[in-house]
Amino acid sequence: MAILDQFKLDGKLAVVTGSSQGIGQGMAKALAEAGADIVNFSLALPEGATDETQAIIEGLGRRYEFMPTDFSDREQLYDSIHAVKEQYGTCLLYTSPSPRD
């Protein structure tokens, strides 16, 4: 088995916070290139804005979902995590590149 085969994420789910831009977007793209589907926990997009990450991830043939989530609201965060478990059953990894105060 080639070493890169050990990093394949085909059929796995990754939750990436703040993947609408910057480092989070780069992480989401890299995980999708490895085969993972992506759920983005992030603050709501401004009205009329499009989520360019969705086009990137879906362009790689992976599923993408945006879940508006405010991390300062613990209940909202728990609700988002519960929604992922209900919809997808499991999550391979959770990564949070977004800086927090």
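The largest nonpolar core of the model has 10 residues: Leu9, Ala14, Val16, Ala28, Leu31, Ala32, Ala36, Ile38, Ile57 and Tyr64. Two elements, β1 and α1 (22-33), each give two or more residues to this core. The largest share comes from α1, with 3 residues. A second, separate core has 8 residues, including Leu13, Phe41, Leu77 and Tyr88. In soluble globular proteins, nonpolar side chains tend to be buried together. The model is predicted.

Ala14 touches Leu31, Ala36, Asp37, Ile38, Val39, Cys91 and Leu93. Ile57, another member of this core, lies in helix α2 (residues 52-59). The relative accessible area of Ile57 is 0%, so Ile57 is buried. Its contacts, leaving aside neighbours within four places in sequence, are Ala28, Lys29, Ala32, Ile38, Arg62, Arg63 and Tyr64. Ala36 and Ile57 are separated by 21 residues in sequence; their C-alpha atoms are 9.4 Å apart.

The protein chain as a whole has 3 helices and 4 strands. From the N terminus on, these elements run β-α-β-α-β-α-β. The C-alpha trace spans about 45 × 25 × 25 Å along its principal axes. The radius of gyration is 14 Å; a compact globule of 101 residues would have a value near 13 Å, so the two agree. Of the 101 residues, 33% count as buried. Among contacts with a separation of 6 or more, 67% join residues 24 or more positions apart.

Helix α1 has 12 residues. Its first and last C-alpha atoms are 17 Å apart, close to the 16 Å expected at 1.5 Å a residue. The buried residues of α1 are Gly24, Gln25, Ala28, Leu31 and Ala32. These residues cover an arc of only 130 degrees around the axis, and therefore sit on the same side of α1. An α-helix has 3.6 residues a turn, so residues three or four places apart point the same way. The other side of α1 carries Gly22, Ile23 and Glu33, which are exposed. The cover over the buried residues of α1 includes β1, β2, α2 and β4 (93-95). Just after α1, Gly35 takes a positive phi of about 115 degrees.

Beyond four places in sequence, Ser19 touches Gly24, Gln25, Ala28, Ile38, Asn40, Thr53 and Tyr64. Of these contacts, Gly24, Gln25 and Ala28 are among the buried residues of α1. Ala28, Ile38 and Tyr64 belong to the largest nonpolar core.

Ser42 touches Gly18, Ser20, Phe66, Met67, Pro68 and Thr69, not counting residues up to four places away in sequence.

Helix α3 (residues 74-88) has 15 residues. At 1.5 Å a residue it should span 21 Å; its end C-alpha atoms are 21 Å apart, so the span agrees with expectation. Leu77, Ser80, Val84 and Tyr88 are the buried residues of α3. Viewed down the helix axis, they fall within an arc of 60 degrees, so they line one face of α3. Two of them, Leu77 and Tyr88, belong to the second core. The cover over this buried face includes β1 (13-17), β2 and β3 (64-68). On the face of α3 turned away from its buried side, the exposed residues are Arg74, Glu75, Lys85 and Glu86.

Both ends of α3 were also examined. The N-terminal end is capped by Asp73, with a side-chain oxygen 3.2 Å from the backbone nitrogen of Glu75. After the helix comes Gly89, whose phi is positive, near 85 degrees.

Note on methods. Residues are numbered from 1 along each chain as its sequence is written. This is a predicted model: local features need pLDDT of at least 70, side-chain atom pairs count only at pLDDT 80 or more; totals for chains, interfaces and linings use all residues. Side-chain values use heavy atoms; hydrogens and water are left out. Contact means heavy atoms within 4.5 Å. The expected span of a helix is 1.5 Å times one less than its number of residues. Buried means under 20% relative accessible area, exposed over 50%, partly exposed in between (1.4 Å probe, protein chains only). The arc is that of the directions from the helix axis to the C-beta atoms. A polar contact is a pair of N or O atoms within 3.5 Å; within protein, one must be able to donate a hydrogen and the other to accept it, and residues adjacent in sequence count only if both atoms are side-chain atoms. A nonpolar core is a set of buried Ala, Val, Leu, Ile, Met, Phe, Trp, Tyr and Cys residues joined through side-chain atoms within 4.5 Å. The radius of gyration is taken over C-alpha atoms; the globule rule is 2.2 Å times the number of residues to the power 0.38.
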